[in-house]
Structure formats: C-alpha cells, structure tokens
Amino acid sequence: MQQLLFAIFTMVGGVLACAAYFFGTNWLLDRIFPSKGMSGAQASQNLRITNAIRPWLFMAPALFALAIYLIYPVFESVRLAFHDRSGQQFVGFSNFIWMFGDGEFRQSIFNNFLWLLVVPALSTFFGLIIAALTDRIWWGNIAKTLIFMPMAISFVGAAVIWKFVYDYRSEGSEQIGILNAIVVAMGGTPEAWMTIPFWNNFFLMVILIWIQTGFAMVILSAALRGIPEETIEAAVIDGASGMQIFFKIMVPQIWGTIAVVWTTITILVLKVFDIVLAMTNGQWQTQVLANLMFDWMFRGGGDFGRGASIAVVIMILVVPIMIWNIRNATKEMER
Amino acid sequence: MIASARSPLIFVVHLSVLLLVALWTLPTAGLLISSLRDKDQLAVSGWWTALSTSSQNLTGRAASPEAQVEKDGKFVISGNLLEGGDAKVSAFGFRPMQPAAFEAGTAADIGDGQMLTVNADGSYEIVSPTKMEGTRGQRIFYTASVPPRFTLDNYREVLSAAGIGSSFINSLTVAIPSTIIPILVAAFCAYALAWMPFPGRAILIAVVVGLLVVPLQMSLIPLLRLYNGVGAFFGVPAKTYVGIWLAHMGFGLPLAVYLLRNYMAGLPREIMESARVDGASDFDIFVKIILPLSFPALASFSIFQFLWTWNDLLVAMVFLGTGNDELVLTGRLVNLLGSRGGNWEILTASAFITIIVPLIVFFSLQRYLVRGLLSGSVKGG
C-alpha cells in the first residue's frame, strides 16, 4: 500500500513538475523578449524570436525522452553488435558470423518467417470476414465486442488461457483441456500439443491470431462502412452477387487499410516474445528472435554483443515497413 | 449490403458469426469457470462439465481405534467420510489396488473378523468382535459422485499465498504513473508539431512516425547498461520504479505524440485564428482551447498506455527487480507457470485476476479505444 501512495505521490509530483516547466519557461520567454508595450519594430522582432524559440520549449521534454529511450539506444545497439559480450572490445562481424552458424538462431529465423507468413494473413482474413458478417446482423456490435475483447488481455494471460485449452493428460484419464477432450471424443488419441516440433509453432500462433483479429476487425469494419454506398448500389443494379460485391467492389476499395492492418500486425509479430516465453520458452523448436535476444541478454551473466546483434536483425526486418510508414505519413501531410 | 440482408442466406451469417464468437470467447470462459470450481473437481474433469455431478475417487481415514465404543459385546468405530457434504458414495474398498471392490451398503471383511460397512451417505461402521488396537484409523478408499461445487477459495489462496495480491499492487504502481506522466509532455510536443511553424517540423514528424515501429529490443541492452551506470554512479539500485516509469514514458511517447498530433491537426483552424486575433499567445491557445478539445485523443492514448503498461512483461523483466514488492502480475504469472504448472486452480485464478483490470477498462472505455485505433495509430506489444 505504501508503495502505491509513493507512486501516486510521484505521479502528482511528475505532472506538477511538467506543468511548472511549461508555465515557467513560457513565462520566462515572455519576460526576456516582451512583445507587449514595446515600440513597433522592437515588438515585432521580439515576437519573431519568441515564435522561433517557443516550439522547441514545447517539444524539449518529449524530444529529450525520445532521444534517450529510443534514438540513442538504436545507435548504441548497432555499436554493441560489433563488440564483445561486455561491450568493451571491438570484434568486427564475429557476432554475426557466430549467429548465422548457430542452429538456434537459424531455427528462430525460420520460425519468425513462419509467424510472419501466417499470423498477419490469418488475423487480417478473419478480421475482414467478421467485419463483413457482423455488419449485416442486429447483434453485430455484441459479437464485435466479444471478438475484440482479447485485445485487452495480456500475452501472458492469453498464454495461460490457451495453455489450459491445450492441456494434456495421458491417454485413458479424463482430459481437462478442451482441445484434447474434443480429439478424444472424436475417437483420436490425446497429444501433448506443445511438444510436437514444427506444428507447435502453429498452436502458438493461434494465440496471437486470437488476440489480433479483434484489432483487424475494428479497423476494417470502419473502412467497410466508409465505402460509398453508390458503388455498391451500382453493382447490385448490375446484378452482382453478394460474393462478387464483397471481393470485387468492397475489398479493392479498402486495400490501403488492409495494408496498414497487415503491416501493423507484422511489426507486432517480429517482436513476439511473451507468448513464446510463457508457453515453451523456446523449447521443442519454437524459438523466436525476440525470445532468443532476451535469452542472450541474460544468459551466463549476459552477452550484450550477441544480444544486440540479434536485436539489430529484428530492426533490419522492421526497416522496410518503417520507410513505407514514413512515406505514407509524409504523403498524407502534403495532401 | 442492403440487398443481401434480405436474402435467405442471412441465417448462415447468423450461424457463422455465432460460431466465431464461440470460438473467441470459449477459452476465456473456460478460464473463468475453472477458477471458480472446487480444486479437486477442476483437476479431474473438464470445465464444460462444471454443472454436472462428477465421480471422484477419494481416500479417507476412519477414526482411530481410540474412539471405539463397546456395543452389545462388540467394538464399534463409526463416523462419516463425507462430513456432511451432499456427495454420494457408490463404492468403496480398503486396498489401494481395489478402491471400488464393494458396493455401498455392503459389508466388507477387512481381516481379524472386522467388518467395514460404508453407506451411500458416507457414514461408515467398523464392527469387531475383539478390542481393536493401534492409534491409526483404517484407510478407506471410496468412489463418490460429487455435485458441482463453486467456490472463491482459489481466489482467496492466490491473493494471499501465491503473492498475487502484492503483485497486483505492484502492477498498479507501475501502470498509473506511467500512464499519467507522459500525457502533458506529449500534448505540448504534439501541439508544436501540429500548429507551430518552424524549420524542420516535417523531419521531426517523420522521425516520430519512424520511432513508432522501432522494436523495443533495440533499446533494452543500451538502457540496461545506462541504468546500471547511473545506479553505480549515484550509489542507488539500478532497478527502481522511477526507472521503469521513465522507460514506459519514453517507449509510449511516439504513439502519444503521433496520436495527439493527428487529432490536433484535424481541429478547425478558425478557432485558433480567432483566438490569435483576440491577442492570445500560443501558450494560451494550447492550454485554454486545444487541451480541453483534445480530451478524446488524450483518453484514447491513456487507455492504450494503461493497457500496455499493465500487460507488459518485457520492460518489467528488464528494468524492475523480482522481489516480492517489485514483481508485477505478468511476471508473477510466468513464474507460477514454471513452479505451479500443474495446479490449474492457482493458474486460472491468478490469470483471471491479471486480466480483470484490463477487461474492466476495455468494457467501460471501449469507445475511446476504438477511436484511438481508428486514428491510424498502433503500437502493439
């Protein structure tokens, strides 16, 4: 309880400090370069100076935090990737050479590509289908809320939920995991799903798809509603079937949104960590890059060189999407 | 859409949506139901059978021979295995290998002329022609059909014994300041990027958009080193709440600035111009006009940031200690998965406590969450 009070106290203190900073610097700026009650030329000159300085005063705390927590670490990680485990000795490319010779790393790259192929595609697909279907029924909003709900659940919580679904009891005893119970009811033999190499990756992916479909659905549902009615009416008049309208009229009009959803989930997939850590911790050939990176960060007292070089690989995979995002954002601003 | 709503296929739509909804909610429902079940029932039967009577193989012990009474020249020990529950005994036995050798109500010869009878209501009687010796009671194995039982015992246990209670406080300690502190910082920055012309603005916006997708993994090692360095320099621990609050603020800022800038840039220009004509400075305009108008965007961001900090595992694992007063809920849950992997009554109750706060936030503030998502902005775990 005491620490919660401490937290609230710090929070109030932090907010007050921020407010004090903004009020204080603004007041100071107006005192040093007053524009009221001055002669015309002096006033306009002061006004110009304050207008040049003020944006930077407004942005300073945010830029400072961004620089320390995101920009500096990017460069530092790249530097560390070329250094040894303690970050002291320059070692050239040897971390990367080690990496590509390491079986666990190659396994992770392979698994990550599997995740990249499957999760964004299926999440977007289910999201689109559910968005289109729920728009037509009266209880669509309730259905949407329920499917959207896993978004709020932490990856670890979701891992527990699904671990319970996948739970395995030896053959003959009663299954308490619903998946094995269904398999047994249909006459199959129960399986320890998490320990079947290759396929266990897909059982892990199901968790992320379960979480992310709601996100895709919300965005795509809004996009579908934004389609001009006339295009659909025209198609109906021309005698197009429901399927044709959906795939030939509606989907092409929301390609842009589909791409945004797809890339957003792709970024998330590249960073997937909690699910694998909680479910298998990379055992049974389910290792992924983010978990491997975390592993090396602390393994044997921490190998910062190898950890950083794996982080750099994740970063390199993200860069194309980053560039695409920046170009889209810039284009939008020019419009 | 208009045409197909009347088509006979509409019931197929209803059916498939129902199926999808079931698929999406059943796992969570299973967790919730299981966490409320009696732990012995939970261990032997699926949660979908929670409402039906379950058959369990149980072990009990009769009262010790010291409790025997003499009756009509015979020595009798009696009692009840079920202690007043509403279960029903169907069979019993006295050897571990044959736990259901005798039907309830029949008498079993357990040696030395002693007869054991267990009735369906759980009452038992051992009748012996001679005085019984020893201090330990006879072990009795029995099969009982137990009616469904729901209880809050699992929650009581995890909140006290499993440390979930203190972790709950820790998670709140992490999440609340991490959510509130960045708001003002981000709002000022967003206003400058949206409405104050200065050279280099477009580049800064591009940088923020780029930072949105920088993987957290890039920041971990350098910041860990930085924190260790700062901690060693000032002689303070490297893993503190202050450290994680600042880290969450740094990681949340790109999304905050981007969301708020988009929202503010969409506000009508006339408001600001008329205020400026009246002699208001940028500072006044921001504090008195823009900030109140931006409430929906601020709410969206706060919800994102709260969900993200509450649900976060990675940042807490790196920047916060693992002591009882620092381990957050997600971290505790991962530990429990390792140490109590088979105890589903612990895991389900703990997991539900972990997800209940985000679910409440989600259901009560869904409107703002959706609006935030729709302003084209997402960070994700």
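A residue counts as buried if 20 or more other C-beta atoms lie within 10 Å of its own. By this criterion, 44% of the 381 residues of chain B are buried in the predicted model. In chain A, 40% of the 335 residues count as buried.

The secondary structure of chain A was examined next. Chain A holds 14 helices and 0 strands. From the N terminus on, its elements therefore read α-α-α-α-α-α-α-α-α-α-α-α-α-α, and chain A has a radius of gyration of 27 Å, well over the 20 Å of the globule rule for 335 residues, so it is more spread out than a compact globule. The C-alpha trace of chain A spans about 95 × 70 × 50 Å along its principal axes.

Chain B contains both kinds of element. It has 13 helices and 9 strands. Its radius of gyration is 32 Å, whereas a compact globule of 381 residues would have one near 21 Å. Along the principal axes, the C-alpha trace of chain B spans about 110 × 75 × 35 Å. Among the contacts of chain B with a separation of 6 or more, 72% are between residues 24 or more positions apart.

Strand β3 of chain B covers residues 74-80. Strand β2 of chain B covers residues 69-71 and pairs with β3(B) in the antiparallel sense. This pairing extends over 3 bridges. One bridge joins B:V69 to B:V76 in β3(B). The two strands, β2(B) and β3(B), form a hairpin with 2 residues between them. In this hairpin, B:D72 takes a positive phi near 50°.

Strand β3(B) has a further partner. It is joined by 6 bridges to strand β8 of chain B, residues 123-128. This pair also runs antiparallel. Here B:F75 has B:S128 in β8(B) as its bridge partner.

Notes. Residues numbered from 1 in each chain as written. Chains lettered and ligands numbered in written order. Predicted model: local features only at pLDDT ≥ 70, side-chain atom pairs only at ≥ 80, totals over all residues. Helix = DSSP H or I, 4+ residues; strand = E, 2+ residues; numbered from the N terminus. Rg over C-alpha atoms; globule rule 2.2 N^0.38 Å. Buried ≥ 20, exposed ≤ 12 C-beta atoms within 10 Å, placed from the backbone. Contact = placed C-beta atoms within 7 Å. Pairing = 2+ DSSP bridges.
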